[in-house]
Amino acid sequence: MRVRNKYRKSTAFPCNVGSRCSISIVVWSLVGFLLMLQIYSLISHRNTVSGDVKLHMSRHPLVRELEQVEEENIQIPPPKGKRSPRAAKRRPKRTTTLVDEFLDENSQIRHVFFPDMKTAIDPLTDAGNDSFYYYPARIWLDTEGNPIQAHGGGMIYDERSSTYYWYGEYKDGPTYHAHKKGAARVDIIGVGCYSSKDLWTWKNEGIVLTAEELNETHDLHKSNVLERPKVIYNENTGKYVMWMHIDDANYTKAAVGIAVSDYPTGPFDYLGSQRPHGYESRDMTVFKDDDGVAYLIYSSEENSELHIGPLTKDYLDVKPDMRRILVGQHREAPALFKYRGTYYMITSGCTGWAPNEALAHAADSIMGPWETMGNPCIGGNKMFRLATFFAQSTFVIPLPGIPGSYIFMADRWNPADLSDSRYVWLPLIVGGPADRPFEFNFGFPLWPRVSIYWHRKWRLPSSWRVTK
C-alpha cells in the first residue's frame, strides 16, 4: 500500500518561498548593479569634464582669456522721432527693449548692432597686432575688399588642399517683400564660396551654384528661396555634395535640394529637390560622422520638431530610417558637432528674422534620444544671452589642437537690408558641469556643458591657427 508523505505539502511551501526569495535577490541585485553603473558613469563623466577643464587651462593660457565673461551695458535711448513701422508693429504698447531697438532701422543705437564700414575687418590692412582678430557683427571683407556674402553658411576642411571652404547664401541684392504679409527676402543669386588657410583671410571663389533667371518652374528661379547650403565630401565617389533648403516665396514647398561638383570651388550641378521621408523640410543641415556616414537634420511639421536620418552611401538621397526629435519644442537652425563620442547640437527658436534664445542639446546616439542642456550663451548681458548675441546658429567649426574647442558660427540678420546681415563667430568650449538635470538619464547630467563666450574682440590661440 502506498504511504502518503505527510511532510510533502509542508516542505513544498518553504521551497516556493526560497524560489521567490531567490528571484527577489536577483532583481534587487540587478537594480543595485544598474544604480552603481549609473553612479560610476556619472563619476567618469565628471572626471572627464574635470580633465577637459584642466587640459584647457594647463596647455593654453589664452583659453582662460576666452572664457572670461565680457559684459555689455547698452542704454536704450529715450524716444526721438518716429519709430519704424516694423518696430512699432512688433511692440506697439510695451516698453522698448533691446530687441526692439535691434529691429528698428531708425534706432539711435543702430551702430551698436551693425557697425559701419569704417570698422570693417580687412585682412589686407589689419596687420601686426590687429591680425587674426574676430570682431562679431562688424563688416568682414574678403581679399578683394568686398563684404563677404556667405549667409546661413557651412564649412568644410579639404584635406587634399589643406584649405577651408566657406559656403553660404549670396544675398548681395535688394531686400523687399513679395507681398504685404510676406517675410523680407532677397532674390536668389546663388551660393557663394570663399577659401582660406587660416579661417580669417578669405578669398572669393565666386558663385558656385547660380540662380535660374528665365525658367520660372525651376527650383533655383530667382523668385524662390535658397537657404542654408551645406557641403560634404564623399570619399567613395570623389564628389562634393551640397544640400540646401529650397522653397517658394510663400515657404509652402518646404523641400531640400541637392547639387554635386567634382571640385570644392564648383561649379555645382543641381540635381533636384525632394521632401525628405515625405515630410516638409525647412531649416536644415548635414553632418558627416567619423565613420563616413552622413545625416540630414531638418525642421519639420510646421517647425514644431526636428527630423534626422542617414543619407545614402553617395550622399545624394536619404535612407528610409528617420527619427523625430525635440518634438513640440519648435526649434530650427540646427548646428551639429561631436566630441568624445557624444553628439551636440545648437538650435534656435522660431521667430523669423528676429533673434531668440539658443539651446544646446546632447545625445549618445545621433539618432537620439536627444537631451536639452540649456542656454549655452555666456557674457554680454541677460538680453544678449536670451537673444543669442542677436544672432542665429548656422554651423560649428572643429578646431585642431585642443579637444573640446570650436568656433560657433552665427548670422546676425538685418531684415531691413539682408545683404548687410553680419557674421557672429565666437569661441565654443565643451567643459564643466551641465546646468540642468536631464530627462533620459535619471536626472544625472552625464555630459559636460557647452559654452559660447561673448567677446567684442577675440582671436584664436596661435597653436589653433591653421598653418598658411
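Rings of Phe, Tyr and Trp (its six-membered ring) were paired if their centres lie within 6.5 Å, with planes under 30 degrees apart counted as stacked, over 60 as edge-to-face and the rest as tilted. The model is predicted, so local features need pLDDT of at least 70 and side-chain atom pairs count only at pLDDT 80 or more, while totals for chains, interfaces and linings use all residues. Residues are numbered from 1 along each chain as its sequence is written, and side-chain values use heavy atoms, without hydrogens and water.

Across the whole structure, 26 aromatic pairs were found. The pair of tryptophan 166 and tryptophan 202 is edge-to-face, because the ring centres are 5.2 Å apart and the planes stand at 70 degrees. Tryptophan 166 belongs to strand E2 and tryptophan 202 to the loop between E5 and E6, so this pair ties together parts 36 residues apart in sequence; strands here are DSSP runs of E, at least two residues, numbered from the N terminus. Both tryptophan 166 and tryptophan 202 are buried (under 20% relative accessible area, 1.4 Å probe, protein chains only). One aromatic cluster includes these two residues together with Tyr134, Trp140, Tyr194, Tyr423, Trp425 and Trp458.

Strand E2 (residues 163–169) runs antiparallel to strand E5 (residues 190–196), and six bridges join them; two strands pair if DSSP finds at least two bridges between them. Tyrosine 194 in E5 is the bridge partner of tryptophan 166. Both strands belong to an open, antiparallel sheet of four strands in the order E1-E2-E5-E6. Strands E1 (151–158) and E6 (203–210) stand at the edges with a single partner strand each, so one side of each has no neighbour in the sheet.

How values were computed:
Buried < 20%, exposed > 50% of the residue type's maximum accessible area, 1.4 Å probe, protein only.
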